[in-house]
Amino acid sequence: MKSTKFSLATKLSKAEVDRKWWEIGDFFRRNSLWMLMYCTGCCAIELPPAMTSAYDMERLGMGPMATPRQADILLVSGYLSLKTLRRLIYTYEQMSEPRYVVALGSCPINGGIYHDSHAVINQLDQYIPVDVYVAGCMPNTESVMNGFVDLMGQIKNKQANGWKKYHENFDWYKANQITSLGEVDVHDEFHE
Amino acid sequence: MTIVNVLLGVGVAFFGFVLQTSIAGINRKVIARLQKRQGPRWYQEFLDIFKLLSKRSVSHGWIFDFGVIMALGGIIATAMFMPLTSTFSPFGASDNFFIFVYLLAVGMLGMAMSASGSGNPWASIGVMRALTTMLAYEVPFLVVVLTIIKLTGSSSLSAIQLFQQTSGNNWFIIALPIGGIVGFLALMGMLGKKPFETYIAPGEIASGPMVEYGGKQLGMLFIMHEITVFIEVSLFVHLFLGGAHNILEFLLKYFVVYTFANLISNVNGRFKIDQVVKFYYKWPLIMAVFQAVIAIYFGWVI
Amino acid sequence: MANIEILLLVLAIAAIVSYFLTKLNTMLGSIFTIFATMFVFVSLAAYGTNLNLDTTVSLFPGLTFSQTYLGFYFVIIITFVYLMVSFFHPYYIGEYKYKDSYNFLFLLSLVGIIGAFYTSNFLQLFFFFELVIWTTMFLIPQGKSKEAAVSYYGFSVAGSIAMLLGIFIIFQQSGTFDISTGLAALSGTPSVFVFALFLIAAFAKLGVFPLHIWLPIAHGNAPHPFSPVLSGALVKLGAFIGVLALIRIAPQTAMINAVGLPIGQYIVALLGSVSIVFGTLMAIKEDDAKKLLAYSSMSHGGYILVAFSLMNSIAFAGGFYHILAHALASAGAFLAIAAVARQTGTTKMSELGGMIHKMPITYLAYLVAIISMAGIPPMGGFISKWLIFQAVIDKGMIFVGIAVFFGSIGSFLYVFRPLAALFLGQELSEYKVKVKEAPLLMLIPTVIIMLLNVYTGVFPGAILGYTNKVIMELGYPAINVSTFAITGFNGVLSPALISLMFGVGVAIAFVIFIVLKKSRKVGLMDTYTAGNFVHDEHLFHYTKDFYAPLERLYEKHSTKMQTFYKSLANKVKELGRLGKHLFMSKYVEVAVVWIIAIIFFLLWGEIL
């Protein structure tokens, strides 16, 4: 027979409490995304229509920010030469967590039209984790906005875990970076 | 002074934060509609601040954190003294005007200490520009306030509101029109609105003092900025627009002043820092002195 | 029961003993100096507070002493600063060229100060005044900068001669050198002359515009532990003479009805305002930390003169409180800079950086001192500035008001610069290893002064009660002050309430901070560089020409006063050369002609 004794509601375990706080945090994080626009190449031209009256990023809560410490999204728009990749990795490691990477264009996917160049890398995903790709050369502004909405959906479904992957597989990523670049932190650039 | 006063003060600070954040969000929508866009939700600023508070950022040492705590603490302390209407003041007659001007300086000193403690030269340059802007707008503003205090005979904000509300007296923006214009220009400098936005200057100095902040420190600084704007706009409402009899009148006047300042700032570019100093020490200072002379020595008050 | 004469005699003997002890062993002599100063301070504080000192003179007939609240207020502040500074002697004495005379001159100048404030005879006042000037004149250069001693001596002696002339005019009118009877008998046109002459002496000693050139040179080149004494204590001698002139002489000249002040006081207020603005602008430009604090002393000297020239109790209370608050703040700031200079060997801000990481207590002491100097609550400087603002607004003085507000806001700028450039910012590689925190004996006075700065800001009631006694002694009504509130002309200030609310605000902010996620700690060089890889800290440290855009606006006018004094000195030299050319040329006949002519003119009255 079922007990008729009154019992208190089961206390939530610590993991469940953390998960609930994380869900609330996700609501805030996906509705107020700040971007650091690292305009590495030609795809950057698609951003002005996205920011201004034509497609208005601000109604989604997104906006540009000046420094990596303040930003949530690192927007990689275009091809990545070796020189730029060093600075991109340096900037990515300076961002506050949780952080997301959105890659515009075909060049971060497979090299794009520069796929056989000696100075350009082909797959960005080997060096830093990417959350959303927006294909095209270059993609339409509506595709870019679609990509942002996809990112917001991924945050809601807890699939935007690129930054956690970076921590867990840090050695693998570092090994790739050293193989291609030699060293990430350049010394004696200004002959100090 | 009892616990009730302290709780009322904390309540006023919290109310000011909620009010200013909502009005800032509504203003973002107004500006967007001006630019033929949709604009964000009215509670967007809240989302921004809570998102920042939930991120994990870096710290450069104990002075970096301590400065932020001192800044937010100082501003909350200042907001605790602010009267909302002519009859509601958390601490009675102790809401002296000079307390507001100088406790705001404590908050700014805390933020300056923390920004310089991050070790980034952009932060020190931004703090230098902020201090120079403060030197520029405070002197004409304090000359006009000198006139107001001399005419009222008291420097308590509640007493100044009651003086303007007695019949036969006009609001000070009508009684001292030239002083009112100088006061509004000084208000725009205080709020850091264009063209006096020199200390943030995202394109020139990578957002100035905020360059190394992220996560909870930046969230606390945003809260500090919202409460600072609340204090400054309320000061203008109480000093020049006759304060308020009830809370609805206060909300209306507050909204009108802040939106008007925002609309003007939206169509302006940004000054260089020496242009800011030269601007404030030319016509606003001459106008403030002229207004003081005719009001105190000749008694020509409308 | 302590006797002033015995106290002075003991102090003079202690000075001579310390000379020989320092010759023997510098550490022993310096520690003896600490004890001697402590003995004097304790006896003065114990007996002098309620005017219980014995003023009978038995050993040196002709000396007369009398106790006043005014004199005691100044003496106790100055002796306290001397005591705090004496703790630094054991560590700095090794650097001087003339070690044995340092302690001797230090104690002898203290004799001069105590005597100057307790005497009741004008000629003895002049004697003790000159004793202070001569002993400090030899203390300042210590083998380094002759120009400092020369300019300090020149301006101080100009002031003393003016004061001596004023004393003789008083003697001519009243027939006595006694201070109280002399001042009471003064009236009419001679009183205006004495007023002006005493004011010249006050301006020269305070370092107020236009007699301010010696201030940065002397304070900047003085030995590091002696600068706080010069800036915080000795300039108050000028304030004392200023009080004598402005309040006790107070000639009845024409009144300016618009502000309700006699014209003499109004001119002093205007000169004080110019001094405030000038000092602030020159301090903003300055690169050397000690010269910057010297210019700040000039600015605060202007505040003190403005306060004393407004002729009402609230202004006087503000002036007296400012003397105490400025002495403490200036001493605290100078002691912190001295501690840094000992470890690094320089006080120039463009060569230093990041000292907070190794010297946190010195940093806190400096922070509290500059919060007080800038006039920000909850420290002592805010109380005195608030009282001065009350008086200025009540009189409706606009131009003095502009200068006072400008000085108050401008002081944020120049006190922030050493904080950002010297203590904060990047840790420079040349100091990372060898800099340590200051030793314990140096930290004790630093912490005591820091706590006193906070106390004067939170509970001003006790000290303002004492200054009320001084104000009533000068013949003005006392101000309304209770334990927790001060009543001004147009408002009530409760410093304890403000400090309490500040504490509540910081507690709330701290709770918000602790509850959120902990931050990751990174080094200072891991910072936003727009993607550049920078490895040298010097490229990242912003310290040279800190306020360059503001300085550019007035750079061209900043040397005008110095060129004026240089041209004045040149004109005097040319006059001398003219005389030499006329009277002492190489032809003997010219000299004979002049001698005959002068004898002829002298005997003119006799012959004809």
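Salt bridges first: between chain C and chain B the count is zero. Keep in mind that this is a predicted model. What the interface does have is 19 residue pairs in polar contact, with both partners at pLDDT 80 or more, and a buried area of about 6800 Å².

**Contact and buried area**
- On the chain C side, 74 residues are in contact with 78 residues of chain B.
- Carbon and sulfur atoms give 78% of the area buried between chain C and chain B.
- Three residues stand out here: C:Ile398, C:Met501 and C:Phe513 supply 10% of what chain C buries against chain B, more than any other three residues.

**What chain C brings to the interface**
- Helices H15 (360-373), H16 (380-395), H17 (398-423), H20 (495-515) and H21 (548-554) of chain C are among the elements that each supply at least two residues of the side touching chain B.
- Strands E4 (492-493) and E5 (520-521) of chain C also each put in at least two residues.
- H17(C) takes the largest share of that side, with 14 residues.
- Sorted by residue class, the side of chain C that touches chain B splits into 51 nonpolar, 15 polar and eight charged residues.

**Strand pairing across the chains**
- Strand E1 of chain B (residues 58-59) pairs with E5(C) in the parallel sense, over two bridges.

Note on methods: Residues are numbered from 1 along each chain as its sequence is written. Chains are lettered from A and ligands numbered from 1 in the order in which they are written. This is a predicted model: local features need pLDDT of at least 70, side-chain atom pairs count only at pLDDT 80 or more; totals for chains, interfaces and linings use all residues. Side-chain values use heavy atoms; hydrogens and water are left out. Contact means heavy atoms within 4.5 Å. Buried area is the accessible area (1.4 Å probe) that two parts lose on being put together, summed over both. A salt bridge is a side-chain nitrogen of Lys or Arg within 4 Å of a carboxyl oxygen of Asp or Glu. A polar contact is a pair of N or O atoms within 3.5 Å; within protein, one must be able to donate a hydrogen and the other to accept it, and residues adjacent in sequence count only if both atoms are side-chain atoms. Helices (H or I, at least four residues) and strands (E, at least two) are DSSP runs, numbered from the N terminus. Ala, Val, Leu, Ile, Met, Phe, Trp, Tyr, Cys and Pro count as nonpolar, Asp, Glu, Lys and Arg as charged, and the others, Gly among them, as polar. Two strands pair if DSSP finds at least two bridges between them.
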